[in-house]
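Dear colleague,

Please read them with the coordinates open beside you.

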Amino acid sequence: MDENTKLQIEEKIVMLLKTVYDPEIPVDIYSLGLIYGIDVEDNGNVKIDMTLTAPSCPASDFLMEDIRTKLESIDGVKSVEVRLVFEPEWNQDMMTEEAKLELGLL
């Protein structure tokens with residue numbers, strides 16, 4: 001897979017991640033800053049490093065399955081592995097300005 005194709009897939013991934021919402025927060029997980037890494041490998045496998053707003057988040061299984069299902073629908077993506085990481089610890093500074101505005105933090 002060439003770099004241009006990988007970039008196109010990564011753009012689609014970001015677009016779809018912006019449609020995944022934590023059921024308790026009216027902002028998508030990408031804008032919340034929960035996505036720490038997106039790796040599109042040459043063979044079409046995708047690895048997503050993400051965190052949660054809290055380690056005991058009850059929606060973690062739902063979020064991970066929603067991500068997997070949506071990203072596996074992208075042409076060129078063979079498999080999706082979502083890895084939960086807790087370093088660095090998430091905080092509100094990781095949110096986009098739009099997310100902070102939406103949540104009344106600005």
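Helices and strands are DSSP runs numbered from the N terminus, a helix being H or I over at least four residues and a strand being E over at least two. Before the findings, two points on provenance. This is a predicted model, in which local features need pLDDT of at least 70 and side-chain atom pairs count only at pLDDT 80 or more, whereas totals for chains, interfaces and linings use all residues. Residues are numbered from 1 along each chain as its sequence is written, and side-chain values use heavy atoms, with hydrogens and water left out.

Overall fold

The protein has three helices and three strands, and along the sequence these follow the pattern α-β-β-α-β-α. Its radius of gyration is 14 Å, close to the 13 Å that the globule rule gives for 106 residues, so the protein is as compact as a globular protein of that length; the radius is taken over C-alpha atoms, and the rule is 2.2 Å times the number of residues to the power 0.38. Along the principal axes, the C-alpha atoms fill a box of roughly 40 × 25 × 25 Å. Buried residues make up 40% of the 106 residues, where buried means under 20% relative accessible area, exposed means over 50%, and partly exposed lies in between, with a 1.4 Å probe and protein chains only. The accessible surface comes to about 6200 Å², of which 49% belongs to carbon and sulfur atoms, the areas being from the Shrake-Rupley method with a 1.4 Å probe and, for residues, with only the protein chains shown counting as cover. Of the contacts (heavy atoms within 4.5 Å) with a separation of 6 or more, 62% are between residues 24 or more positions apart.

Helix 2 and L71

Helix 2 has twelve residues and spans 16 Å from its first C-alpha to its last, close to the 16 Å expected at 1.5 Å a residue, the expected span being 1.5 Å times one less than the number of residues. Its buried residues are S60, L63, M64, D66, I67 and L71. Seen down the axis of helix 2, these buried residues fall within an arc of 160°, so they line one face of the helix; the arc is that of the directions from the helix axis to the C-beta atoms. The buried residues of helix 2 pack against helix 1, strand 2 and strand 3 (79-84).

L71 belongs to this helix, which covers residues 60-71, and L71 is buried with a relative accessible area of 0%. Not counting residues up to four places away in sequence, L71 touches I13, L16, L17, I48, V77 and V80. The C-alpha atoms of L71 and D2, which are 69 residues apart along the chain, are separated by 19 Å.

Salt bridges

A search of the whole structure finds six salt bridges, a salt bridge being a side-chain nitrogen of Lys or Arg within 4 Å of a carboxyl oxygen of Asp or Glu. One of them is between D66 and K70, with the closest N and O atoms 3.6 Å apart. D66 and K70 are four residues apart in helix 2 and are therefore separated by about one helical turn. Of this pair, D66 is buried at 17% relative accessible area, while K70 is partly exposed at 24%. Elsewhere, salt bridges that share partners join E3, K6 and D42 into one network.

The side chains of D42 and K6 meet in a salt bridge at 2.9 Å, N to O. This pair links distant parts of the chain, 36 residues apart, with D42 in the loop between strand 1 (35-40) and strand 2 (45-50), and K6 in helix 1. As for accessibility, E3 is exposed at 54%, D42 is partly exposed at 49%, and K6 is buried at 15%.

Strand 2 and N45

N45 lies in strand 2 and counts as buried, at 18% relative accessibility. Leaving aside neighbours within four places in sequence, N45 is in contact with D39, V40, K78 and S79.
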